[in-house]
Amino acid sequence: CLYISCHFFCLLYPPAGIYPVDILEDDPAGHQEATLAYYAMLGEGAGPSPEVFSLPTGEQVKLEASSVCFCTVHRDEPQHKILVLVNPQDTKAAVAVYVQQSWWTTEDVLRTSDPSREGLMKVQSFGERIVLFILNVVIFGRLERNLDDDDMFFLPHSVKEEAKILWRDGAAVGFYTTKRKGSLCGNGTGTCYLLPVFDTVFVRRRHRRQGLGLAMLRDFCQTFREDEALGVSWPISPAMYQVCRKFLAANPAERGRLWEVEPPGAWGQRGNIWLKVQLQQSRLPPDFEWGGAVPCGLIASRSVVESAGETLSLSLWQGQKRERKPGGGILACCCLPS
């Protein structure tokens with residue numbers, strides 16, 4: 001279906017076998033100009049009325065100004081926006097995206113016809129940034145997350161966010177993002193990260209339990225193989241904690257350098273993940289926190305400490321007084337490399 005105005009056309013259903021990430025030029029400003037022109041046309045009712053977009057479910061959505069909205073792709077650059085078509089039954093859920101003068105379902109935005117896109121690939125182009133946004137904000141944010149609980153969710157990423165998309169069989173099925181050592185912790189602060197940090201990670205629901213989370217964590221560790229310490233952003237979700245446990249069980253050499261961290265990652269903001277695994281397996285209280293002292297009278301056994309890895313050196317402290325007392329006392333939460 002094709003309709004034309006004086007200076008504008010829109011292809012409602014683009015040709016099969018091509019997808020936005022493969023054809024979108026790396027020109028955010030040009031994309032924005034074309035999108036604004038199309039939105040203005042919708043507001044004026046310049047196209048045939050009513051045009052509709054058919055969803056994969058068979059439901060039809062009218063293409064009019066009231067059924068579309070702009071979404072900011074980057075949280076720190078509000079001028080970069082994409083136009084999305086919303087579900088009439090749930091106005092917070094996007095069902096299609098306007099790209100390259102066409103409407104594409106969100107699933108088609110995540111697809112590729114390029115066979116070289118396979119495995120983990122660094123996000124570089126504007127089209128890949130849109131794929132990252134759809135995975136993060138639309139798929140995870142609205143479709144594959146329990147909206148009734150307090151599970152964590154991700155804001156749109158920064159335009160400078162380093163990310164890799166996981167491509168599998170012609171589709172984007174996950175991603176992870178990192179904070180590089182020396183990068184700013186946030187806007188309005190001069191504080192920088194003191195170590196590379198594995199920040200956000202997501203795998204689509206139907207691709208879980210296939211080792212993809214492990215593959216992304218392994219890729220992160222290999223990317224920063226020269227760094228003595230690596231971080232995973234606090235708080236680690238229960239699912240990510242299990243990924244870390246499996247990864248460290250299979251990779252003893254990584255146990256001494258993988259830490260749960262709060263920004264910027266100073267020693268007082270780190271907890272060794274493998275040691276936490278060992279302590280939890282020794283049935284420490286579930287409310288044990290790395291930021292405070294172990295309750296008085298609770299002593300970690302020597303076997304637990306040794307099994308955490310020879311690269312860890314632990315200080316022993318005397319209760320809440322925090323006075324060093326060699327040879328006895330309570331195991332402190334501060335773990336330092338030897």
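**View A. Arg218 and its helix.** In this predicted model, Arg218 sits in helix 5, which runs over residues 212-223. Its relative accessible area is 35%, so Arg218 counts as partly exposed. Look across to Leu248 too: Arg218 and Leu248 are 30 residues apart along the chain, and their C-alpha atoms are 9.9 Å from each other.

**View B. The largest nonpolar core.** This core has 29 residues, and the ones touching the most other members are Ile82, Val131, Ile134, Leu135 and Ile165. Two or more residues each come from strand 6 (77-87), strand 7 (90-99), helix 4, strand 10 (162-168) and strand 11 (171-179).

**View C. Zooming in on Val131.** Leaving aside residues up to four places away in sequence, Val131 touches Val21, Val109, Leu110, Ile165, Trp167 and Ala172.

**View D. The largest cavity.** The model has two cavities of 30 Å³ or more, and the largest holds about 50 Å³ of space. Lining this cavity are Val73, His74, Arg129, Leu132, Phe133, Asn136, Pro156 and His157.

**View E. Who lines the largest cavity.** Strand 5 (68-74) and helix 4 (126-143) each provide at least two of the lining residues. Helix 4 gives the most, with four. By type, the lining splits into four nonpolar residues, three polar and one charged.

Terms used
Residues are numbered from 1 along each chain as its sequence is written. This is a predicted model: local features need pLDDT of at least 70, side-chain atom pairs count only at pLDDT 80 or more; totals for chains, interfaces and linings use all residues. Side-chain values use heavy atoms; hydrogens and water are left out. On a 1 Å grid over the protein atoms alone, a cavity is a set of points where a 1.4 Å probe fits but cannot get out, and a pocket is an open set with protein on both sides within 12 Å along at least five of seven lines; lining residues have an atom within 4 Å of a point. Grid points are joined across faces, edges and corners, and a volume is the space filled by probe spheres set on the points. Ala, Val, Leu, Ile, Met, Phe, Trp, Tyr, Cys and Pro count as nonpolar, Asp, Glu, Lys and Arg as charged, and the others, Gly among them, as polar. Buried means under 20% relative accessible area, exposed over 50%, partly exposed in between (1.4 Å probe, protein chains only). A nonpolar core is a set of buried Ala, Val, Leu, Ile, Met, Phe, Trp, Tyr and Cys residues joined through side-chain atoms within 4.5 Å. Contact means heavy atoms within 4.5 Å.
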